[in-house]
Amino acid sequence: MTPDAHAISTVAQLLSVLDLDSTQARTTEDIFTGSSHPMPSGRIYGGQVLAQSLLAAERTLPEDRAVHSMHGYFLRPGDASQGITIAVDRIHDGRSFSTRRSQAYQNGVPIFSMIASFQDADPGVEHAAPMPDDVPGPDTLRPDEERVEGLPAGVARMLSDRAADVRHIDSPLFLPSDDSRVPQQGVWMRMKAPLPDDQRIHRAALAYLSDMTIQESILRAHGLFWGLPGLKVASLDHAMWWHRPARVDEWLLYLQESPNSRGGRGLAQGRIYTEAGELVASVAQEIMVRVPTAE
């Protein structure tokens with residue numbers, strides 16, 4: 001990877017957002033503060049608060065006790081123009097496992113609540129679902145921002161300015177697509193410039209990316225796209241399991257599928273693989289999806 005100056009800048013901006021401040025204030029919880037990416041919608045990107053909440057929890061643990069699972073709920077829309085306060089409750093520390101609760105606040109009310117579990121490295125039985133062998137490689141695909149002519153200037157700029165290089169195997173869903181209506185898709189993704197070697201940063205960056213595009217397996221099943229007038233989508237919850245270490249500045253394949261949608265909600269599931277075929281993480285998310293009705 002030979003990133004240009006713009007790519008380096010976008011990744012540096014992400015790292016600055018993930019660089020939380022400790023307030024030194026503590027009651028029964030550890031308190032951290034952070035900033036947000038500017039967003040065209042004005043709302044905080046969910047993957048950002050996921051990553052920040054995870055990093056805040058990890059700041060209360062030894063470096064060798066790594067996250068293996070998290071379950072979180074998006075409670076309120078976040079305001080990207082305001083700072084974030086994250087409170088971490090040290091729920092439990094055992095011989096091999098620790099549990100933390102992180103809550104992200106704005107204006108005194110929680111916008112996101114997460115419980116995560118952490119574990120020391122431990123040997124055990126091992127298996128993994130294999131990566132399909134018929135997936136086009138990332139070098140055969142163009143970056144999303146080169147495939148979405150006709151987008152509003154603000155959205156096009158957001159794609160260009162994001163820290164991740166994302167490449168859909170099928171058509172990106174920012175505009176109407178002629179692709180088949182199937183509840184599944186795949187994307188390649190990586191950060192546009194190298195990250196520090198700290199695996200805590202890579203785990204948080206993976207959480208950041210895990211919220212990007214997973215909702216589209218639901219939209220694709222119904223011929224929907226992000227720019228559809230009147231479409232309303234909001235993440236309700238997010239769960240993630242880290243299986244193996246990986247670098248997020250190297251290509252990762254994110255395979256996504258939706259087993260169900262009903263009652264204004266859709267469920268999406270995902271598996272993340274290295275380019276060499278190692279299963280890195282599993283993800284699940286439920287969203288609210290409201291489709292405009294013809295009058």
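Leu173 touches Glu216, Leu219, Arg220, Leu224, Phe225 and Trp226, leaving aside residues up to four places away in sequence; a contact here means heavy atoms within 4.5 Å. You'll find Leu173 in the loop between β7 (164-168) and β8 (184-191), with helices (H or I, at least four residues) and strands (E, at least two) taken as DSSP runs and numbered from the N terminus. Leu173 counts as buried because its relative accessibility is 2%, where buried means under 20% relative accessible area, exposed over 50%, and partly exposed in between (1.4 Å probe, protein chains only). Val148 sits 25 residues from Leu173 in sequence and 9.0 Å from it in space, C-alpha to C-alpha.

A word on what you're looking at: this is a predicted model, where local features need pLDDT of at least 70, side-chain atom pairs count only at pLDDT 80 or more, and totals for chains, interfaces and linings use all residues. Residues are numbered from 1 along each chain as its sequence is written, and side-chain values use heavy atoms, with hydrogens and water left out.

Now step back to the whole chain. It has 5 helices and 12 strands, and 48% of its 295 residues count as buried. Among contacts between residues at least 6 apart in sequence, 71% join residues at least 24 apart. The radius of gyration, taken over C-alpha atoms, is 19 Å, which agrees with the value near 19 Å for a compact globule of 295 residues; the globule rule is 2.2 Å times the number of residues to the power 0.38.

A cavity is a set of points on a 1 Å grid over the protein atoms alone where a 1.4 Å probe fits but cannot get out, while a pocket is an open set with protein on both sides within 12 Å along at least five of seven lines; lining residues have an atom within 4 Å of a point. Grid points are joined across faces, edges and corners, and a volume is the space filled by probe spheres set on the points. The largest cavity holds about 30 Å³ and is lined by Leu50, Leu54, Met70, Met114, Ala207, Met240 and Trp242. That lining has 7 nonpolar residues, no polar and no charged (Ala, Val, Leu, Ile, Met, Phe, Trp, Tyr, Cys and Pro are nonpolar, Asp, Glu, Lys and Arg charged, the others, Gly among them, polar).

Finally, the second largest pocket has about 890 Å³ of space. Of its 27 lining residues, Gln119, Asp122, Trp242, His243 and Arg244 are closest to its centre.
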